[in-house]
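Subject: Structure handover

Hello,

Here is the structure for your files.

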Amino acid sequence: MKVSLPAIVVASLVALGTAPSFARPASPPPHLLRVTSCEPSHGSLLLPGYVPGYYPMSSYYWPDMYGYRYYQPPIRNGATLAIAYSNQTNEVMTEIEFGLVAKGTLVAEVRDVGTFSPGAEIKHEFGLNPNVFPLGTALARCVPLHIKFANGKIWKNPHLPALRKSLYERPGSKSAS
């Protein structure tokens, strides 16, 4: 089998990681957020350095990314989610909706509202519906689902995880997941 010299050169460059742009896939877009900690707890943790996330004076509902009306319980409920994250863009964020993912399924959501400056580390704790537990895994992840920027731009996660139906039930109600 004969192999041309240009094919050998391209194959060598690919192996070295210096291939010309036509031989390499496009790089993924930069990350918007860096989540450094995602700690769900059945009992309130109040981790050192964390403060309560956004929660208004009345019951807190919002339309989520799945088209449902989501309820976020207050921290005093007992079940909590502590998230440490930082804005990796050059733009101020004003609203972030996170999803708690366990075993590839969305099991809870939280929404943070404020002024999230580029590079600033945010450490907030949120109330969770106790129906989230037991998670059945220690490998839970917090992923951004929706981000609103100060300039009005909105980002929506194009790869939403599957969701668990008990996500939309009030605390204390029973559900078959």
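Which residues does Leu100 touch, not counting residues up to four places away in sequence? In this predicted model, the list is Cys38, Pro40, Leu81, Thr105, Leu106, Val107, Ala108, Leu128, Val132, Ala140, Arg141 and Cys142.

Leu100 belongs to the largest nonpolar core, which has 28 residues. Leu100 is among those with the most contacts inside that core, together with Leu81, Ile83, Tyr85, Ile96 and Leu128. Two or more residues each come from strand 1 (33-41), strand 5 (80-87), strand 6 (93-102), strand 7 (105-116), strand 8 (121-127) and strand 9 (141-149). The most, five residues, come from strand 6. Apart from this core lies another, of five residues, including Tyr66, Val101, Val143 and Leu145. In soluble globular proteins, nonpolar side chains tend to be buried together.

On the cysteines: a search of the whole structure gives one disulfide. Its partners are Cys38 and Cys142, with the sulfur atoms 2.1 Å apart. Cys38 sits in strand 1 and Cys142 in strand 9, so the bond links distant parts of the chain, 104 residues apart. The torsion about the S-S bond is about 70°, and the disulfide is therefore right-handed.

Are the two cysteines buried or exposed? Buried means under 20% relative accessible area. Cys38 has 15% relative accessibility and so counts as buried. Cys142, with a relative accessible area of 8%, is buried too.

Regards

Methods: Residues numbered from 1 in each chain as written. Predicted model: local features only at pLDDT ≥ 70, side-chain atom pairs only at ≥ 80, totals over all residues. Heavy atoms only, no water. Core = buried A, V, L, I, M, F, W, Y, C linked by side-chain atoms within 4.5 Å. Buried < 20%, exposed > 50% of the residue type's maximum accessible area, 1.4 Å probe, protein only. Helix = DSSP H or I, 4+ residues; strand = E, 2+ residues; numbered from the N terminus. Contact = heavy atoms within 4.5 Å. Disulfide = S-S within 2.5 Å.
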